[in-house]
Amino acid sequence: MRTRLRALADIAVILALVAYAIPFFWQLLTSFKPEAELLRVPPLLPSRLTLSHYKVVITQSLMPQALGNSLGIATLTTLLSLAAGVPAAYAVARLPLPGKRFLLLAIVASTAFPQIATVSPLYLLMRALELRDTWTGLVLVHASFALPLTIWLLAGFVREIPIEAEEAASVDGAGIISLFRWVIVPLLAPGLASTALLTFLFSWNEFLFAYTFTVSEASRTIPVALALFPGVFEVPWGDIAAASMLASLPPVVIVIALQRFLVRGLVAGAVKE
Amino acid sequence: MVALRRAAHRSLWLLGLLAFGGCVAGQETAPVTLVFKYARILGNADPLPALLRQFEAAHPGVRVRGEALPWASDDQHQFYIINLEGRSPGFDVMMLDCIWVPEFARAGWLLDLTPSLKPDELAPHFPSAVAEATYGGRVWALPWTFNVGLLYYRADLLAKYGLRPPETYETLVEQVRRIRAGERDPTLDGYVWQGKQYEGLVVNVLEAFWANGTRVLAEDGTIFPEPARAADALRFLRGLIESGVSPAWTTAADEELSRRAFGDGHAIFLRNWPYAMDLFEGQDSAVRGKVAFAPLPGRARGEQGVGSTGGAHLGVSRRSRHPDLALALARHLTSEAAQRAITLGAALSPTRQSLYRDPEVTRDHPAMPRLQALALAGRPRPIVPYYLLLSATVQPEFSAALVGIKPPERAIAEAGTRLGYFLEAVR
Amino acid sequence: MTGREAADRRRALVCVAPTVLALGALTVYPGVWVLWLSLQRRIPIFDVSRFAGFENYAFLAVDSRFWSAARTTAVFTLGSVALEVVLGVAAALAIQTQRRGRRLALSLLLLAWAMPAVVAAKLFEWLYHPSAGLINVALGRHAINWLGDPLVALPAVIFADVWRTMPFVAILCYARLLAIPADVYEAAQVDGAGRLGTLTRITLPLLGRILLLATLFRTLDALRAFDIMFVLTGGGPAGTTETLTVYAYRALFQTLQLGFGSAVSVVVFLLVMAVAWAYLRLLRAGAVTA
């Protein structure tokens with residue numbers, strides 16, 4: 001009985017691995033397949049590998065600029081979100097905040113907010129402030145959307161900090177800024193890393209606002225550049241595959257190198273109340 | 001302390017020098033960059049870069065940057081309206097699908113070209129192309145390329161069975177049955193066209209409406225003036241798919257998917273635009289020398305078949321910082337020489353009628369004079385500023401009828417109701 | 001109130017000031033504005049801007065496309081979440097049984113979750129290609145028109161979404177499973193519980209709370225889903241994959257009907273909030289009895 005269940009589990013794991021590995025590898029293979037062989041399958045494997053799709057993507061498409069835009073916007077969003085979120089999380093977790101229950105309710109409600117609900121007024125707002133097609137506009141919108149979750153996560157991490165550390169610091173006569181700088185933030189570091197990663201990924205992957213508020217390569221992000229990839233009458237599958245590979249690079253790096261923090265952030269978001 | 005003050009003075013001087021130098025440098029001509037947005041052109045050799053360089057050579061100090069649009073017409077339109085709605089769109093000359101010109105003119109995004117045009121400057125172009133560029137009695141764009149819906153057919157197959165190109169759809173269906181019975185080739189489809197849910201679907205359905213003696217908008221603005229005939233036309237199209245005359249994938253087919261099927265020799269009839277002909281006559285084409293075109297068929301108890309016209313115009317953004325240069329670029333690209341280069345290099349048809357009998361062009365494309373006749377007979381889609389609203393509203397209904405999840409009568413009725421609600425705010 | 005407390009309260013207000021400002025300006029204010037917009041007929045291209053009361057809502061109540069989109073949203077949400085939860089739990093349990101290869105499995109799952117939805121959409125668009133897609137090549141003569149057949153398109157989109165988001169549930173469950181101390185299982189074994197018994201009477205109940213949370217997150221995300229169906233099918237064929245968010249977006253930005261589109265957006269907003277409220281009550285009730 002035990003071995004049969006074990007065998008079932010093994011099969012399940014193999015199925016999962018196959019289901020998750022094959023799409024990536026097929027897309028990777030497609031990005032190296034010569035144009036003429038793309039639509040002539042079978043045979044599945046190409047006769048030779050080519051870099052032509054990558055060449056097109058890097059030299060002729062907007063992907064390189066989009067990569068730069070995404071990097072900049074995601075980084076700024078993360079920084080802004082953390083800058084506003086850390087103090088707020090501390091206040092929510094540790095300080096006697098007037099109207100705390102109301103604020104908490106607003107924060108929880110904001111995490112459920114559908115983006116489609118605010119995209120039309122934000123469109124008019126961006127237009128009025130002439131922030132369309134700028135990094136600023138998108139960073140502000142992304143940061144405000146990421147803030148509730150950031151605060152929620154960070155508040156949980158702040159509560160993990162032993163109160164003795166703070167009391168020791170205030171006994172030493174530290175003001176609030178020093179408290180943050182020398183006690184809170186260092187102790188919060190792993191939680192900060194997890195939250196930062198989640199925020200970065202959210203901004204990198206965000207599509208609806210980016211699609212609506214970006215006009216040209218001045219601010220277009222990766223998901224939008226990929227969705228609007230130009231073909232003539234027909235779809236350039238090889239080029240799109242190459243662009244997809246490039247667009248996945250930071251997530252790949254994060255997953256492989258920083259997996260621990262990522263998982264921690266995901267779990268913290270669900271486990272902490 | 002003294003050293004600090006001296007350093008401050010020195011840096012102030014340096015700054016002043018730099019500012020002065022910058023001013024002087026700025027007074028020399030800063031290069032003017034015009035941005036030209038267009039969809040990449042299909043064809044053997046893209047003639048656009050050469051034309052843009054030609055313009056740069058004729059206007060020293062001006063650089064032209066060509067930027068690609070997304071590939072589907074609906075995506076291009078959405079791109080334009082999201083961007084033009086803002087203050088400065090960042091482009092000067094735009095390639096516009098002819099159906100967008102009235103809308104963009106109404107919205108105030110296009111520069112009124114009427115005062116800058118010479119009288120009769122647009123006379124060499126097709127009248128329908130000029131009509132599509134005009135709104136409220138003023139001209140808003142220059143005609144650039146032209147399209148008209150055609151029926152392509154395998155001349156070799158028809159000749160083999162002693163058939164002439166069909167003049168009615170009923171005849172076409174008969175011919176498909178005969179040829180398929182004779183050929184006994186399971187991969188040979190009958191009639192392929194564009195049934196995917198996009199602008200192309202509306203074109204195909206409109207052509208079916210016109211053949212059945214009805215239209216989507218009457219002169220007085222009534223929506224679906226003859227709903228029974230409209231439903232009948234939709235039912236006929238659905239019937240083509242149900243009976244197998246058209247393959248099931250027609251409902252996902254756009255221009256390229258249908259062209260490829262026909263170009264690989266897997267279809268007898270194809271409805272498409274003139275660009276496809278060049279691709280069929282290409283070196284590696286499986287149907288080289290076997291393809292001919294004819295006017296679209298009509299219905300037996302309806303009217304003669306008429307192809308929808310289409311094409312692209314070049315407009316100048318009203319917020320362009322260099323309107324005169326932008327207009328000059330548009331004029332250059334729509335000039336006779338440029339249109340000839342585009343016709344020869346790419347698979348696009350010109351809007352200037354003279355080019356259809358031009359010796360250089362007819363040498364490479366002998367069917368041009370016939371195409372001109374068909375183009376003159378073509379009929380434009382409704383030239384109203386709310387055409388896109390109309391198209392976006394009817395697309396899912398037509399698609400639902402075509403795919404068989406909604407009876408045609410209900411599709412027409414619901415499309416009419418929704419259109420009525422939206423248009424009442426706009427008319 | 002002591003001086004210390006008063007100082008703390010001041011500090012607290014300063015700490016949350018930027019957040020309140022940001023949320024107020026970019027979430028709350030637009031949230032109210034969209035309600036106002038939905039009561040108008042607003043079409044910038046045609047300079048239409050007039051108050052229309054509940055006209056848009058009255059039209060939506062009888063609009064077949066709206067109800068079709070609502071139905072599609074419901075089917076997508078229920079199907080997607082059900083599959084994700086079941087497969088997620090199964091994946092977590094399966095990974096836990098492995099000694100080696102856990103990290104590889106987790107990495108692959110995380111990668112699918114971490115990449116942009118647009119990348120996943122393009123991936124599946126290529127896999128679903130009618131002639132050159134891997135799936136149809138494998139099916140050979142029984143090839144299916146995945147994104148063009150109205151009966152198959154929505155399941156195809158659901159499958160793509162489940163592929164992308166199941167890892168979220170799997171990771172959460174896996175982390176929770178790791179936290180279950182070994183002596184719980186030992187005690188069960190001593191009591192003579194079989195593998196299946198352990199599963200149903202011990203493991204699953206312990207997973208209960210986190211599953212409820214995961215289901216809450218995933219339900220809200222599925223109701224708001226936009227990227228995957230917009231890029232994969234655009235809402236077609238024939239509107240069979242058009243959810244309320246896609247309908248709202250098309251109304252807003254394909255034709256710039258800001259009033260009507262806002263009305264559809266408000267419906268999505270209310271729906272999501274209602275579901276969130278219902279779940280939270282469930283959670284709180286569960287917390288009281290637990």
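Strand E7 (residues 150-154) of chain B is mostly covered, with five of its five residues buried. The model is a predicted one.

E7(B) pairs with strand E9 (residues 267-272) of chain B. Four bridges join them, and the two strands run antiparallel. In this pairing, Tyr153(B) stands opposite Phe269(B) in E9(B). E7(B) also pairs with strand E10 (residues 291-294) of chain B. That pairing is antiparallel too and runs over four bridges. Here Tyr152(B) stands opposite Phe293(B) in E10(B).

**Helix H10 beside these strands**

Which elements do the buried residues of H10(B) pack against? They pack against E7, strand E8 (189-192), E9, helix H11 (275-280) and E10 of chain B. Helix H10 spans residues 255-263 of chain B and is mostly covered. Seven of its nine residues are buried. Among them are two glutamates, Glu255(B) and Glu256(B). Ser258(B), Arg259(B), Ala261(B), Phe262(B) and Gly263(B) are buried as well. Just after H10(B), Gly265(B) takes a positive phi of about 85°.

**The six-stranded sheet**

Chain B also holds an open sheet of six strands. Their order is E2-E1-E3-E11-E6-E12, and the pairing is mixed. The edges are strand E2 (62-68) and strand E12 (349-350) of chain B, each of which pairs on one side only. Helix H2 (residues 48-58) of chain B packs on the sheet. H2(B) touches strand E1 (32-38), E2 and strand E6 (142-148) of chain B. The direction of H2(B) makes about 160° with that of E2(B). Helix H12 (residues 323-333) of chain B lies across E1, E2, E3, E6 and E11 of chain B. H12(B) runs at about 45° to E1(B).

Within the sheet, strand E3 (residues 93-97) of chain B is joined to strand E11 (residues 309-316) of chain B by five bridges. These two strands run antiparallel. Asp97(B) stands opposite Ala312(B) in E11(B). Strands of a sheet pair through backbone hydrogen bonds, either parallel or antiparallel.

| Strand pair | Bridges | Facing residues |
|---|---|---|
| E7(B) and E9(B) | four | Tyr153(B) and Phe269(B) |
| E7(B) and E10(B) | four | Tyr152(B) and Phe293(B) |
| E3(B) and E11(B) | five | Asp97(B) and Ala312(B) |

**Chain B as a whole**

Chain B has 17 helices and 12 strands. Its C-alpha atoms fill a box of roughly 100 × 50 × 50 Å along the principal axes. Of its 427 residues, 57% count as buried. The accessible surface comes to about 17800 Å². Carbon and sulfur atoms account for 55% of that surface. Contacts in chain B were also sorted by sequence separation. Among those between residues at least 6 apart, 72% join residues at least 24 apart.

**Positive phi outside glycine**

Asp120(B) is a residue other than glycine, yet its phi is positive, near 65°. Asp120(B) is found in the loop between helix H4 (101-107) and helix H5 (127-132) of chain B. Is Asp120(B) buried or exposed? Asp120(B) counts as exposed because its relative accessibility is 67%, over the 50% cut-off.

Chain A has a case of this kind. Phi of Glu130(A) is near 55°, again positive in a residue other than glycine. Glu130(A) lies in the loop between helix H5 (115-129) and helix H6 (135-159) of chain A.

**Surface sites in chains A and C**

Which residues make the nonpolar surface patch of about 250 Å²? Ile14(A), Val18(A) and Ile22(A) do. Ile22(A) sits in helix H1 (residues 2-32) of chain A. Its relative accessibility is 40%, so Ile22(A) counts as partly exposed.

In chain C, Ser49(C) belongs to strand E2 (residues 48-51). Ser49(C) has a relative accessible area of 52% and is therefore exposed. Leaving aside neighbours within four places in sequence, Ser49(C) is in contact with Gln40(C), Arg41(C) and Arg42(C). Leu37(C) is 12 residues from Ser49(C) in sequence. In space the two are 9.7 Å apart, C-alpha to C-alpha.

Technical notes. Residues numbered from 1 in each chain as written. Chains lettered and ligands numbered in written order. Predicted model: local features only at pLDDT ≥ 70, side-chain atom pairs only at ≥ 80, totals over all residues. Heavy atoms only, no water. Patch = residues over 30% accessible without salt bridge, like charges linked within 9 Å, V, L, I, M, F, W, Y side chains within 5 Å. Areas by Shrake-Rupley, 256 points an atom, 1.4 Å probe, with all protein chains shown as cover. Salt bridge = Lys/Arg side-chain N within 4 Å of Asp/Glu carboxyl O. Buried < 20%, exposed > 50% of the residue type's maximum accessible area, 1.4 Å probe, protein only. Pairing = 2+ DSSP bridges. Contact = heavy atoms within 4.5 Å. Axes fitted to C-alpha atoms, helices over the stretch in contact; angles between N-to-C directions.
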